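These are my notebook entries on a structure that I looked up.

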Amino acid sequence: MSSSNPASAALDTQMSPIPVPLYRHAAPSGPWPWVDFNTDLSSSEPPFRKGEHEWRGYPQELFGNWSPIPVARSEMLTKCARAVKPCVVYGMDVMGDGQFKTREPGLHRTEVSEAKINEFWSKLQDEVRKDVSVRALFVDHLSESVLKMLGTKYNIEPFFFTSSTNWIPSRYREDVRHGVGDHITVILPFIRTTEKTQKTYSSSSDMKPNEKKNTIDVMAPLHLHGNPYLFSPRSCLSPFIGEHVLLIDLLAIHMIREKNCSTIITYHPALRDRTTAQRLHQVMERAGGSVYWNKIFVASEDPTFFFLAILWYALYAWDESFEVLYSCIKDMEVILNDYNFTVMVDLNHSLHGLQAHLLQYETLLHDFQKSVEFIRDTPNPAMEESENRGTTEELMRRECKNLLSEIDRLHKRCSMFIRRLKNATDLAFATVNIEDSRQTHRLTKATLRDSAAMKLISYLTMVFLPASLTASVFGMHVREIVPGTLETISRYVWVTLLMTSVTTWIVITLQPYSTIHKPGAGMWRRVAWPVFFFPDKIMEYFKGKKTSPQDNDISLSRIRGRGGHSSMLMFDDAMLEEDAIGG
């Protein structure tokens, strides 16, 4: 992307589609990061000297296997370079007493332009106050320089950045040091809803109103219309918005858990209508005023609870999205009950498209559940020697159970949506079948009326046919009826038979699929059909006369048993033996 056109670059960044997740490249457990079978590994790479690059050498400075090949294939640096706006970092400190500090100078909002790179790096080296339990950094428009500085400062595995920029759901733990701390990462795609009042995504605006997509892209935004009577056949799939849009958002969280002060870093994609760092910062600032969560932060110094509180943001987004989906499905059912078959035919594609998205949502909910279970089953090693370790474990089990219970509710609601959509689809088919049956019934009644009329005409013809025949015979000018004429009845019969024969010959000749012809017979063969047909019938007749009555019986050899005997004969033999024994 050329930097000479920043507006175009920003638009392409916002309009770029969400890639299909490459799960094999999601976690450090894979020994070949971003290397596939078709990757050429024989090419030599430029030498790299450690210790000479400071933060600019990330990731190869800290992780030697991250050579230019996997870095280029993951596109974690090139995707950051596409950001036109300057990187902005929003900070938040959670104090030891559970209070959230967000408005301190230099912490609330830090804009990191190219001119302020060294200043930001110096700020990262500053020591954190001793009374700070957790420092959270929410990063908007992540630039290449900020990525390298954060990765170098906090020794972050590059998989966090590659999975975040490529939207790969993942969760892993690394750099475990018992009694000291560890690193945990959760990349969680989720569904959220936005309200729209005008057309967006102009790249698809050239599509015609009745045009349908050939495929259903479950990674694309799902557009829902609010008015059931203005429901477009493409309203759930079209690039033209109705009232609500369901789209895939992302929570990418990396946490460095330590004894004194832990650090949380969040990545936010530069796509339209996604959660920004500023928005998440505002939400977590409000969470700091929650009495319930403040008690948890006071009762336990485990920073993982702040991580868990962020996951509630995804749950709220899921719940709001399902409220919109409920109204959409209800509107669809209203349309199906209106017996508007033109709309029902157009709605068929939307029904299947919505069901495909719901199946994708079930997968995302499963990832959500696994992420919460991962947090529950990954205790903080820095808390191993803590005095309130028991309290922390009990609180963590309770809060994870609460969140898992809500996710299970979402799971069941999603399954209910899928069943309701199937029920709506069955209703549509049943309605169409009932209407088809009604039309067939009407056609049958009309056919019966026509048959009765034709039967009446046949009866009238039967009554007048003898009179017509008699009138025709008595109107003939033949010698037997009108003396003195030259024609006779015998000549009349002869001419009639001749014309009937010629007509029959022409009709049969022009019917290629008649049973008189052999399959595939040509035109000349059909013209000469009497030459082949009548001799064959005569031969069959005489052959049948010569055949004896015994030859027409079923041969006993066709009903022989295993021993070569007829089953009937074997039955007769058995009866004779029984009589002999009995006698």
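**Entry: strand β8 and its partners.** I looked up the pairing of β8 with strand β9 (residues 262-267) and found five bridges, with the two strands running antiparallel. I took two strands as paired if DSSP finds at least two bridges between them. Helices (H or I, at least four residues) and strands (E, at least two) are DSSP runs numbered from the N terminus. The bridge partner of I256 is T263 in β9. I noted three residues between β8 and β9, which form a hairpin.

I then followed β8 to its other partners. β6 and β8 are antiparallel and are joined by 15 bridges; in this part of the record I marked P189, which stands opposite L250 in β8. Strand β7 (residues 222-224) also runs antiparallel to β8, with three bridges, and L224 has H244 in β8 as its bridge partner.

Is β8 enclosed or open? I found 14 of its 15 residues buried, so β8 is largely enclosed by the rest of the structure. Buried means under 20% relative accessible area, exposed over 50% and partly exposed in between (1.4 Å probe, protein chains only).

**Entry: basis of the values.** The model is predicted, so I note that local features need pLDDT of at least 70 and side-chain atom pairs count only at pLDDT 80 or more, while totals for chains, interfaces and linings use all residues. Residues are numbered from 1 along each chain as its sequence is written, and side-chain values use heavy atoms, with hydrogens and water left out.

**Entry: helix α5.** For helix α5 (residues 144-153) I found eight of the 10 residues buried, so this helix is largely enclosed by the rest of the structure. The buried residues of α5 include V146, L147, M149 and L150, and also K148. Just after α5, N155 takes a positive phi of about 55 degrees.

**Entry: cysteines.** How many disulfides does the structure hold? I found zero, a disulfide being a pair of cysteine sulfur atoms within 2.5 Å. C261 counts as buried at 13% relative accessibility, and C400 counts as buried at 0%.

**Entry: T378.** I located T378 in the loop between α10 (341-376) and α11 (389-474). T378 is buried, with a relative accessible area of 7%. A polar atom of the T378 side chain lies 2.5 Å from the backbone oxygen of F374.

Entry: I recorded a volume of about 770 Å³ for the largest pocket. Of its 31 lining residues, D126, E127, V128, R135 and Y154 are the closest to its centre. A pocket is an open set of points on a 1 Å grid over the protein atoms alone where a 1.4 Å probe fits, with protein on both sides within 12 Å along at least five of seven lines; lining residues have an atom within 4 Å of a point. A volume is the space filled by probe spheres set on the points. α4 gives the most to this lining, with four residues.

The second largest pocket holds about 570 Å³ of space. Of the 19 residues that line this second pocket, R279, V283, W312, Y313 and Y316 are the closest to its centre. The elements that give two or more residues to its lining are β6 (181-195), α7 (277-287) and α9 (304-336).

Terms used
Polar contact = N/O pair within 3.5 Å; in protein donor to acceptor, adjacent residues only side chain to side chain.
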